[in-house]
Amino acid sequence: MKILVTGGAGYIGTHTCVELLEAGHEVIVIDNLYNANEQALHNVELITGKKLQFYNGDIADETVLQRIFEEHTIDCCIHFAGLKAVGESVVKPLEYYDNNISGTLCLMRVMGKYQVKNMIFSSSAAVYGNPAFVPITEECPKGICTNPYGWTKSMIEQILMDIYRADPSWNILLLRYFNPIGAHKSGMIGENPNGIPNNLMPYITQVAAGMRDHLGIFGNDYDTPDGTCIRDYIHVMDLARGHVKALEKIQKKDGLAIYNLGTGTGCSVLDVVRNFEQATGVKIAYTFEPRRAGDIAACYCDPSKAERELGWKAECDILEMCADAWKWQQSHPNGFADVQ
Ligand code: NAD
Ligand code: UFG
């Protein structure tokens, strides 16, 4: 298939491009490089030995989108493009609603105009808010999001559902990711956060690399076995493979569906620290800090629907996730600014 990957130069996008190319798909990427570096796409080509086509553009720019759809017969869009920093979204809500929602509206309009009605959307466990129950199944009601970023995901899901209801010739998959971490085995692509990382794994790898003094663990008084928060960490390559499986499902043309993509295993912050130490042999200094606003105690999924209906299951364990994150950090301490 010929796939348009929006946000394809980013963290999850590049790893998915590798899997798409290796599965024999043709890949067209649109990315405005707001949170990415073109070098990442060159590395995707080096890893796979295959070419992709890159458009440096914004999904809110109808002209560039139309050019893409004129120049290519696209079969499906995998839509990663969006702003994703939870804390920043609280400070800049307008930018988040505008970029994520207006961008998606523009994309859907142009897709509809060119009769490309197959869409795979990057949603998030954030739409469950403080989940009504764990492990979270897709039947778990959506919740009250704790930040504008989460609301953009929740609202875009609603928009896509309404578009499907109005025109059931669309095929739409809403993929709710849990916590992607790790990197491609080659160490040539990985997560490249700007400034102080917000997320746990990049913070840990920077402590391990000596770039930061110690990890602050946000809260050790949660109602969990060791008092720290529990999440469902998933290897980014497993997540990438989930998108290839989602494409097979899209080809069956059976409408709209929602899938949780996680491992189903909850890991506490302390579990992650211990597994990182075991996988790498590097000690992580940490202190306990107050709880971080908006964090919930436990968030992990029941991924059995994806296994049943997509034939997909996460395979990598937390040790492998830590080892691969560390390999990327060591080979690219300054992200893609480093010489390859
Ligand atoms: P990322 O920031 O690495 O990738 C997003 C890409 O989109 C970036 O390359 C950025 O430059 C691009 N982009 C942003 N706005 C754009 C626009 N208007 N036009 C064109 N390109 C634009 O993020 P990621 O971690 O790879 O996440 C990919 C998607 O998955 C996002 O939609 C994110 O919200 C979602 N998601 C991520 C996580 C996570 O923990 N990483 C969890 C759940 C969902
Ligand atoms: N944590 C720390 N110290 C840090 C960073 C994080 O203790 O320096 C803790 C957090 O308090 C939380 C856990 O590590 O308990 C994981 O935090 P992350 O920031 O890595 O991930 P979140 O679960 O908060 O959120 C992530 C993404 C969201 C997405 C969500 C669900 O950032 O965009 O997963 O997919 F919505």
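First, some housekeeping. This is a predicted model, where local features need pLDDT of at least 70, side-chain atom pairs count only at pLDDT 80 or more, and totals for chains, interfaces and linings use all residues. Residues are numbered from 1 along each chain as its sequence is written, chains are lettered from A and ligands numbered from 1 in the order in which they are written, and side-chain values use heavy atoms, with hydrogens and water left out.

**Ligand 1**

Let's begin with ligand 1, which has 27 residues around it. A residue counts as near a molecule if one of its heavy atoms lies within 4 Å of it. Ile12, Asp31, Asn35, Phe80 and Tyr149 are the closest.

The table lists some side-chain polar contacts of both ligands; a polar contact is a pair of N or O atoms within 3.5 Å, and within protein one must be able to donate a hydrogen and the other to accept it, while residues adjacent in sequence count only if both atoms are side-chain atoms.

| Residue | Oxygen atom of | Distance |
|---|---|---|
| Asn179 | ligand 2 | 2.9 Å |
| Asp295 | ligand 2 | 2.5 Å |
| Asp31 | ligand 1 | 2.6 Å |
| Asn35 | ligand 1 | 2.7 Å |
| Tyr149 | ligand 1 | 2.6 Å |

On its own, ligand 1 exposes 820 Å², and the protein buries 95% of that. Those areas come from the Shrake-Rupley method with a 1.4 Å probe; for residues, only the protein chains shown count as cover. Helix 1 (11-22), strand 5 (118-124) and helix 6 (148-166) are the elements giving two or more residues to this shell, and strand 5 has the largest share, with three residues. Helices (H or I, at least four residues) and strands (E, at least two) are DSSP runs, numbered from the N terminus.

**Ligand 2**

Taken alone, ligand 2 exposes 690 Å², of which the protein buries 88%.

**Strands side by side**

Strand 4 (residues 76-79) has Cys76 and Ile78 pointing one way and Cys77 and His79 the other, and all are buried (under 20% relative accessible area, with exposed being over 50% and partly exposed in between; 1.4 Å probe, protein chains only). Strands pair if DSSP finds at least two bridges between them. Strand 4 runs parallel to strand 1 (residues 2-6), joined by four bridges, with Leu4 partnering Cys77. Strand 4 also runs parallel to strand 5, through three bridges, and there His79 has Phe121 as its bridge partner.

Elsewhere, three strands form an open sheet in the order 12-9-14, with mixed pairing. Strand 12 (267-268) and strand 14 (298-299) are the edges, each pairing on one side only. Strand 9 (residues 230-231) and strand 14 pair in the parallel sense over two bridges, and Ile230 stands opposite Ala298.

**Helix 8**

Last stop: helix 8 (residues 236-251). Its 16 residues reach 23 Å from first C-alpha to last, close to the expected 22 Å, which is 1.5 Å times one less than the number of residues. Of those 16 residues, 12 are buried, so helix 8 is largely enclosed by the rest of the structure. Among the buried ones are Asp238, His243 and Lys249. Just after helix 8, Lys253 takes a positive phi of about 55°.
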